[in-house]
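Try each task before you turn to its solution.

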Amino acid sequence: MLVDTFGRTATDLRVSLTDRCNLRCSYCMPPEGLDWLPKPELLTDDEVVRLVGLAVGELGVTEVRYTGGEPLLRRGLPDIVRRTAALAPRPEISLTTNGIGLGRLAGPLADAGLDRVNVSLDTLDRATFKRLAHRDRFEDVLAGLEAARAAGLDPVKINAVLMRGINDHEAPALLRFCLEHGYRLRFIEQMPLDAQHGWTRDDMITADEILERLSAEFDLAPDAAHDRGSAPAETFVVGGGPETVGVIGSVTRPFCGACDRVRLTADGQVRNCLFATEESNLRDAMRAGAADEEIVERWRAAVRAKKAGHGIDDPSFLQPARPMSAIGG
C-alpha cells in the first residue's frame, strides 16, 4: 500500500499523459503556450501501462484517472485505457479533459473501458470562452459533452473555475445548464498553479462566494445522505434533490487530512501532492533496468514523505515550479 506518515493511504492515481494542451486557459498558461517536454522525456505507452499496473497490482490503487495537459492529444490513449481495463483487479478508469476531441473519441474510449469523464467548462458564453481559453472551441466542448453522454460515460461531470470580473456571474447559469442536461457540476477554486505565477488570493472566487451566488437562485442543503470521505468536493442537494452540485474549496476549505491521491507526471515523476516541490523519478530508474520491486519501493518512499497539508496559508508556501498542465490534475 501507499501509506504516508500521517496514516493516509493513496488509492487514487492521477496519470498525466502529456503536458500539451490545445487551449490556453488564462488560469493555467499564457496565450503563447509553454515550452513542451521533449518527446524522449515522456513515458512511452508501455511505460505508462507498466507503472499503472504496478500501482494497481502491488500498491493498492483502485482508481486511475488520466489527465494532462489534454490527454485526448495522446495518440495511444484508447489503447492505454484498454490495457488498463484489462488489469486485475480492474481499477475504475476516468479521464479529465477539456472536451475538445470527445466528439470523435468518446465512443472508442467507452469501448476500450473508460468509465467516466470530467470535462472543463467555465462559461456558457462563446465570447467569454474565447477570452478565457484564447481559442474559439466552445461548440466543440458542447459536442464533446453530448458525445460522452451518448457513449454512456456516466456520470458526465463538469468542472468550472470562476474568475473575478470575467465569468463569476455565471455560476447559476452553469448549474441550470447542468441540471437541464443531466451533467454533474463541480466548481473549483482557482489554485496557485498557473505558469505565469500571477495567482492572488484576492482575485480568487472562494467557495463561500460560489455558494452565495448559487443560493441567490437555488435552494441548497448539505448532502447529508452521502459521506464525503476522501472526495475533494463538498456536495449540496439542489432544490430537495436528487440533483447535487459540488464545490471544491482546495484553498479555503482544504481536505488534505483525507487526501487519497498520488500523481504521476507525463515524464514519469511521482508527486505525492499537487503542490509538492519535490518529485521522485521512476522513469530513469525504469529505463536503467530497475526491477518491479525497486520501482515499487521508490514509489512507497515517495508517498511516505508526503506532508500534512499543502500549506497555501503558510507564509513559507512556495508555488510549485511546474504549472498544472505539466503536473496533471
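**Exercise 1.** What is the handedness of the crossing of α2 and α3?

*Solution.* Before starting, note that this is a predicted model, in which local features need pLDDT of at least 70 and side-chain atom pairs count only at pLDDT 80 or more, whereas totals for chains, interfaces and linings use all residues. Residues are numbered from 1 along each chain as its sequence is written, and side-chain values use heavy atoms, with hydrogens and water left out.

Step 1: locate the elements, which are DSSP runs numbered from the N terminus (helices are H or I, at least four residues; strands are E, at least two); helix α3 spans residues 102–112, and helix α2 spans residues 77–85.
Step 2: the axes of α2 and α3 come within 8 Å and cross at roughly 20°, where axes are lines fitted to C-alpha atoms, for helices over the stretch in contact, and angles run from 0 to 180 degrees between N-to-C directions.
Step 3: the crossing of α2 and α3 is right-handed, that is, the near helix is turned clockwise from the far one by less than a right angle, anticlockwise being left-handed.
Step 4: on the α2 side, Leu 77, Pro 78, Val 81, Arg 82 and Ala 85 make the contact, and on the α3 side Leu 105, Leu 109 and Ala 112, with contact meaning heavy atoms within 4.5 Å.
Step 5: by class, the contact of α2 with α3 has seven nonpolar residues, no polar ones and one charged; Ala, Val, Leu, Ile, Met, Phe, Trp, Tyr, Cys and Pro count as nonpolar, Asp, Glu, Lys and Arg as charged, and the others, Gly among them, as polar.

**Exercise 2.** Describe how α1 packs on α2, and which residues meet.

*Solution.* Step 1: helix α1 (residues 45–58) packs against α2 at an angle of about 25°, with their axes 10 Å apart.
Step 1: the two helices α1 and α2 are therefore roughly parallel, and α1 passes α2 in a right-handed crossing.
Step 2: Asp 45, Asp 46, Val 48, Val 49 and Val 52 in α1 meet Ile 80, Arg 83 and Thr 84 in α2.
Step 3: this contact of α1 with α2 has four nonpolar, one polar and three charged residues.

**Exercise 3.** Where do the annotated residues Cys 25 and Arg 65 lie?

*Solution.* Step 1: an unreviewed UniProt entry gives "binding site" for Cys 21, Cys 25 and Cys 28, in the numbering used here, with feature names shortened and annotations that may be inferred rather than shown by experiment.
Step 1: Cys 25 lies in the loop between β1 and α1.
Step 2: UniProt (unreviewed entry) also places a "binding site" at residues including Arg 65, which is found in strand β2 (residues 63–67).

Conventions:
Angles under 35 degrees count as roughly parallel, over 145 as roughly antiparallel, 65 to 115 as roughly perpendicular and the rest as oblique.
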